[in-house]
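Here are some notes for a colleague who is opening this structure for the first time. They are meant to be read beside the coordinates.

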Amino acid sequence: MFKSLLAKLAVRQMSALNAIPVVFKKLPSLFFTGKIKGFFASILAIFQLLGVIVFDNPGPIIGDEIDLNDYSIVFSDEFNGDSLDKDVWQICPALGTGEIFDESMVSFDGNNMIISTKYLEDGSQGPGWYTYGIENTDAYSNFQLGCYYECRCKAPAAKGMWSAFWMMTKGQKDRLKGPDTGYTEIDVMESFNYGMDFANSTLHTLHKWLPEEGRFQSEIVGKYRVNKDIYNEYVTYGVLWTEEEFIFYIDGKESGRSTNGATSDPAFMLLTCQVKLDGQEHPEVLDNPESAFPASFTVDYVRVYTKN
Ligand SMILES: [Ca+2]
């Protein structure tokens, strides 16, 4: 029976199960060295891990910190200017959830790029929910494995918003021109729980398009509880892309890892803010007070590091 129960657990729940003894082993040394705060934080983490296994709740972030001392920045956009660098970024094609991407919704405050979202009666493409999304131009779509990709941002504080920092391997663009060889989508940060259960949490997800089977193979690597107000405080979300796996980080601390979709195909990055409309009769976005808009997805920077 225990075996059949185990078989029903998703990979993220199995990771939580495997993490419990690791955290448990640290308890005596934390207690006997007087690190009482760490001791109780570990006890709490064990309960949170049980919540992941039993209820599929967001889990705690308990991994090691990434050491970037051995890394150098090979690409960055600090978004400190007053416009989008069109050599690097272009508008992301529509993502099919019903919102309208319009460049008028992107602005700069000297330190950040801000993607604003608002319903406009008189928008350039008629009435609708206006927002924006960017992806790398072809010239900047050759990011490689071996690098650490990081974005520092604040998620929009409105119900029904879906902000994301993600990557896609080049096969996604190439399939439009030639044979479809498949691709991997790496969702480093997805935030859509403002004002709902599991606010202040984020998802890491991998989707692998298998053209010969005509389907996506998807894996939620994990849902993670960030111990911060992610709508008003900056958080960094990152992924270290190695030959064998994707290792995810939140504020520099490992949150989860996966071998699914490990690939050497080059990739491009995307920053998008969707509105969860999806043809719903009553989308959650309508439950916000008027004062919630324009909602802002605030991005301080995107950086790519490579090992020296
Ligand atoms: Ca900045």
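Which residues does Gly 98 touch, not counting residues up to four places away in sequence? The first point takes this up; the model is a predicted one.

1. Gly 98 touches Val 275, Leu 277, Asp 278 and Gly 279, leaving aside residues up to four places away in sequence. Gly 98 itself sits in the loop between β2 and β3 (100-101). Its C-alpha atom is separated by 8.4 Å from that of Gln 274, although the two residues are 176 apart along the chain. Gly 98 counts as partly exposed because 16 other C-beta atoms lie within 10 Å.

2. The sheet to look at is open and has seven strands, in the order β2-β7-β16-β9-β10-β11-β12, with antiparallel pairing. β2 (89-91) and β12 are the edge strands; each has a single partner strand, so one side of each is left without a neighbour in the sheet. On average, neighbouring strands of this sheet are turned by 20° against each other, direction ignored.

3. Strand β9 (residues 161-169) pairs with β10 in the antiparallel sense over six bridges, and Met 167 stands opposite Ile 186 in β10. Strand β10 (residues 183-191) is in turn joined to β11 by six bridges, again antiparallel. Thr 184 has Lys 208 in β11 as its bridge partner.

4. Strand β11 (residues 201-210) is mostly covered, with seven of its ten residues buried. β11 also pairs with strand β12 (residues 215-225), in the antiparallel sense and over ten bridges.

5. The loop between β10 and β11 deserves a check of its backbone angles. Most residues other than glycine have a negative phi. Phe 198, which is not a glycine, has a positive phi of about 65°, and its place is in this loop between β10 and β11. Asn 200, also not a glycine, has a positive phi of about 60° and is found in the loop between β10 and β11. Phe 198 is partly exposed because it has 14 other C-beta atoms within 10 Å; Asn 200 is partly exposed with 19.

6. Ile 247 has Arg 257 in β15 as its bridge partner. Two residues lie between the strands of this hairpin, and Asp 251 takes a positive phi near 50°.

7. The bond from Phe 293 to Pro 294 is cis, with omega near 0°. Pro 294 lies in the loop between β16 (267-275) and β17 (295-307).

8. Turning to the helices, the axes of helix α2 (residues 11-32) and helix α3 (residues 36-55) come within 9 Å and cross at roughly 165°. An angle over 145 degrees counts as roughly antiparallel, which makes α2 roughly antiparallel to α3. The crossing of α2 and α3 is left-handed. Among the residues that make the contact are Leu 17, Ile 20 and Phe 24 of α2 and Phe 39, Ile 46 and Leu 49 of α3. The residues of this contact divide into 15 nonpolar, three polar and two charged.

Terms used:
Residues numbered from 1 in each chain as written. Predicted model: local features only at pLDDT ≥ 70, side-chain atom pairs only at ≥ 80, totals over all residues. Buried ≥ 20, exposed ≤ 12 C-beta atoms within 10 Å, placed from the backbone. Helix = DSSP H or I, 4+ residues; strand = E, 2+ residues; numbered from the N terminus. Pairing = 2+ DSSP bridges. Axes fitted to C-alpha atoms, helices over the stretch in contact; angles between N-to-C directions. Parallel < 35°, antiparallel > 145°, perpendicular 65-115°, else oblique. Left-handed = near helix turned anticlockwise from the far one by under 90°. Contact = placed C-beta atoms within 7 Å. Nonpolar A, V, L, I, M, F, W, Y, C, P; charged D, E, K, R; others polar.
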